[in-house]
Amino acid sequence: MVSANDLEFALDQVRANAPEQVPGVFGPSSVTWRIDREAVIFLGAGRALMLQLAHPWVAAAIAEHSKTFADPIGRFHRTFDIVFAMVFGSLDRALLSSRQLHRRHSMIVGEMPETVGPFVAGSRYCANDIPSLCWVHATLVETALMAHDLVLPPLSAEERECYWTESRTFGALFGLTGDDLPADWSGFAAYTNAMAQSNTLTVSPAAREIVRQIFCGARPWLRPPRWYRALTASLLPEPLRAGFGFELDERNTRSADNALKWIRRVYPKLPDRLRYVGPYQEAQARLNGEPQPDWLTRCLNRAWIGRSQMDQRR
């Protein structure tokens, strides 16, 4: 478990290593900013969610404590608001977001309603459980890089190592220490591969229903297009893809391939103001001494985090 004291110890280390107050935890020269600023990382959002749901404790927590069904857009905004505040916010805003997340997680406790994989009915789960946090952190880190490399030039081996080093700092904002996370990229890759092959990741009925509601639910205007569903399925390990009931037939594969071809051709040519997410543009404005983001950045923030400005207290 990550206690409040554990979190504060981790945040002391983050504060000591942060560039300055204004750039925040990572800053403009970081690989993390370079990857997470790209709007194309949204291509991996479905994959990250499904990988998280494949952990039975996470699925049970979301099913019993989240408003995903009633407010899927709100959940999207809350998730990106937390992540982008940690990555692009000022130092104070990143630390505040970290503490808010920990407090929210501390209220998410319960019991498994049924046996799923190695988790027996009645066993306790808690969102601040370290192994669960490590897996959620891993899905965010791995999927962001995967989505980036689908469309843009892949990172070199050296850049991947730098990215993972920064991701360990990102993990500290969850309260995870160096002992909780692999030391290098190869160790991280080994961890994600081992998780994908283990029975720890088991698709529960709750997870399957959440995914069905999001991808095939009763709200056609919210339903992702065929190509996005197919792309998401193609990025999953085969056992999990089957567990969630996704099929990759020829039509679906062709739809995803055609969409990727178009995105790879058009996306790199977009102007930066449309290509980069609003929170990154707000961070750049902050670095330039501007008191608040301009109208376009505020509009982009509305789309990504559900409010016009990241660097403000809720």
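The model is predicted. Helix 8 is roughly perpendicular to helix 9, whereas helix 15 is oblique to helix 16. The disulfide count is zero.

**Helix 8 and helix 9**

- Helix 8 spans residues 157–172, and helix 9 spans residues 185–197.
- The two pack at an angle of about 75°, and their axes lie 9 Å apart.
- That angle makes helix 8 roughly perpendicular to helix 9, because angles of 65 to 115 degrees fall in that class.
- Helix 8 brings Arg160, Glu161, Tyr163 and Trp164 to the contact.
- Helix 9 brings Trp185, Ser186 and Phe188.
- By class, this contact has four nonpolar residues, two charged and one polar.

**Helix 15 and helix 16**

- Helix 15 covers residues 278–287, and helix 16 covers residues 295–305.
- They pack at an angle of about 140°, with 8 Å between their axes.
- Helix 15 is therefore oblique to helix 16, because only angles over 145 degrees count as roughly antiparallel.
- The crossing of helix 15 and helix 16 is left-handed.
- On the helix 15 side, the contact is made by Gly278, Pro279, Gln281 and Glu282.
- On the helix 16 side, Thr297, Leu300, Asn301, Trp304 and Ile305 take part.
- The residues of this contact divide into four nonpolar, four polar and one charged.

**Gln281, a residue of helix 15**

- Gln281 lies in helix 15.
- Gln281 is buried, because its relative accessible area is 8% and the cut-off for buried is under 20%.
- Neighbours within four places in sequence aside, Gln281 is in contact with Asp272, Arg273, Tyr276, Thr297 and Leu300.
- Thr297 and Leu300 also belong to the helix 16 side of the helix 15 contact.

- Helix 11 runs over residues 226–234.
- Its buried residues are Tyr228, Ala230, Leu231, Thr232 and Ala233.
- These buried residues pack against helix 3 (45–53), helix 7 (130–151) and helix 10 (205–216), among others.
- Helix 12 (238–243) and helix 13 (250–266) are also among their partners.

**Ala127, a loop residue**

- Ala127 sits in the loop between strand 2 (124–126) and helix 7.
- Ala127 is buried, with a relative accessible area of 16%.
- Residues up to four places away in sequence aside, Ala127 touches His105, Ile108 and Leu133.
- Ala127 and Arg104 are 23 residues apart along the chain, and their C-alpha atoms are separated by 8.7 Å.

**Gln100, a residue of helix 6**

- Gln100 is placed in helix 6, which takes in residues 91–106.
- Gln100 is partly exposed, with a relative accessible area of 22%.
- From C-alpha to C-alpha, Gln100 and Ile82 are 8.8 Å apart in space.
- In sequence, 18 residues separate Gln100 from Ile82.

**Cysteines**

- The model has zero disulfides, because a disulfide calls for a pair of cysteine sulfur atoms within 2.5 Å.
- Cys162 is partly exposed, at a relative accessible area of 34%.
- Cys299 is also partly exposed, and its relative accessible area is 43%.

Definitions and conventions: Residues are numbered from 1 along each chain as its sequence is written. This is a predicted model: local features need pLDDT of at least 70, side-chain atom pairs count only at pLDDT 80 or more; totals for chains, interfaces and linings use all residues. Side-chain values use heavy atoms; hydrogens and water are left out. Buried means under 20% relative accessible area, exposed over 50%, partly exposed in between (1.4 Å probe, protein chains only). Axes are lines fitted to C-alpha atoms, for helices over the stretch in contact, and angles run from 0 to 180 degrees between N-to-C directions. Helices (H or I, at least four residues) and strands (E, at least two) are DSSP runs, numbered from the N terminus. Angles under 35 degrees count as roughly parallel, over 145 as roughly antiparallel, 65 to 115 as roughly perpendicular and the rest as oblique. Contact means heavy atoms within 4.5 Å. Ala, Val, Leu, Ile, Met, Phe, Trp, Tyr, Cys and Pro count as nonpolar, Asp, Glu, Lys and Arg as charged, and the others, Gly among them, as polar. A crossing is left-handed if the near helix is turned anticlockwise from the far one by less than a right angle, and right-handed if clockwise.
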